Each structure stands twice: as structure tokens, then as C-alpha cells.
Amino acid sequence: MINLDREDKCFLLKLARDTVAYYLENQQKPTLEQLNLEKVNHLNFAAGVFVTLKKKGDLRGCIGSIVSEESIVKGVFDYAIHAAFHDPRFPGLLKSEWDDIKFEISILTPPKTVNTYGDIIVGQHGVIFKKNGCSAVFLPKVAVEWNWGLEEMLTQLALKAGLEGHAWRHGAEFLVFEGIEFSE
């Protein structure tokens, strides 16, 4: 499992916030040097990263990668911009929204295949669902936030993948991953 202390989490949240604030102000992505953030070498390991923006508790953007060969610092730096300005479900973030925005970050373990959907632990596992060339993913927190049990979560995954809700019951592949999730 990935181990991050409070200081690491604060650094990554500040990185996400400062990156988006700079972009809002300058309409371009900053460099790490422009953010005046001290380099944290022990966070330069590769892991999946998602950055989520919430506005008054509601989803406002979420972009990331389950698997990455880049450091988590680079992932947070890149995905903060994508979540704020390039999530196709939302228009780009506006300065007028800034005071209502809170950041969440998820750092993920590599996915592994499970033999059956019965091996999935709701709230502990994020899930990748695959069937007939279609796929969808939920982070570990999604089922908990929506108060879904296993079957409801899998039904929602199938629908998200563009399939019928019961498509998960036969012939689907499931991969699970875990994550550390933290927020402002």
C-alpha cells in the first residue's frame, strides 16, 4: 500500500490548488518553479492519480489515470488542470467559482484481476469493468458516496460503460485497485 503522511497530502493538495489558481490567473500552465514549491523527491514514485474538484459538495471535475509511469507530483500537476478545465462533462472552471472549489486527490495502487465480482470489497476497492470492448471505472469512494451495495455499483458501472445494467452478471472482467484519498 502507498504511504503518505499529513505533510505529503498537504503538499499535493497545495500543488493542485496552486496549479489551477495560476492557470485561472494567467491562462497557461505554470512550471513547478513558478509555483515556488519546494521539490519533494520522495514523492517522485509512479502511481495512478486522480484529481477531483467539488463545488459546494457536488462534482465539478475529475480526471486522472489508473496507471501511470510518471510521478505522483507530475500526475497531480497535470490532472489538476485537466479536471478544472478539460473534463468534458463540465465547462472550464471560472474565477467566480474559485471560492467554492475544494480539491480531492486519489493515489492508486496498480489494478489486479479478481476471479469473480464477489471478490470486490465495496469501499475498499476501486473497480474497472470490462466487457465486449466497453469499459468503465469507479474510484473506491464512489460507491460509498452514493450508498451503493455491490450489485448497484456494478449495475452503475455497466451503464457507465454504455451497456445494459445487468451486463456485469455474465462474461465481464473486473480489475480492482485501492487508493489513498484525501481532500481539503
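Student: What is the bridge partner of K112 in β7?
Tutor: V176 is the bridge partner of K112. Before we go on: this is a predicted model, where local features need pLDDT of at least 70, side-chain atom pairs count only at pLDDT 80 or more, and totals for chains, interfaces and linings use all residues. Residues are numbered from 1 along each chain as its sequence is written, and side-chain values use heavy atoms, with hydrogens and water left out.

Student: How do strands pair in general?
Tutor: Strands of a sheet pair through backbone hydrogen bonds, either parallel or antiparallel. Here strands (E, at least two residues) and helices (H or I, at least four) are DSSP runs, numbered from the N terminus, and two strands pair if DSSP finds at least two bridges between them. Strand β4 (residues 112–113) pairs with β7 in the antiparallel sense over 2 bridges. Strand β5 (residues 126–131) also pairs with β7 in the antiparallel sense, over 5 bridges, and V127 stands opposite V176.

Student: Is strand β7 largely enclosed or open, and why?
Tutor: Buried means under 20% relative accessible area, exposed over 50%, and partly exposed in between (1.4 Å probe, protein chains only). In β7 (residues 173–177), 4 of the 5 residues are buried, so the strand is largely enclosed by the rest of the structure.

Student: What is the order of the open sheet of 4 strands?
Tutor: The order is β2-β1-β3-β8, with antiparallel pairing. Its edge strands, β2 (58–65) and β8 (179–183), each pair on one side only. Between β3 (residues 101–108) and β8 there are 5 bridges, and L108 stands opposite G179 of β8.

Student: Which strands of the sheet does helix α1 touch?
Tutor: Helix α1 (residues 6–26) packs on the sheet, touching β3 and β8, and its direction makes about 125 degrees with that of β3. Contact means heavy atoms within 4.5 Å; axes are lines fitted to C-alpha atoms, for helices over the stretch in contact, and angles run from 0 to 180 degrees between N-to-C directions. Helix α2 (residues 72–85) lies across β1 (48–55), β2 and β3, running at about 35 degrees to β1.

Student: Which element gives the largest share of the lining of the largest pocket?
Tutor: Rolling a probe the size of a water molecule over the atoms shows where empty space is left. Strand β2 gives the largest share, 4 residues.
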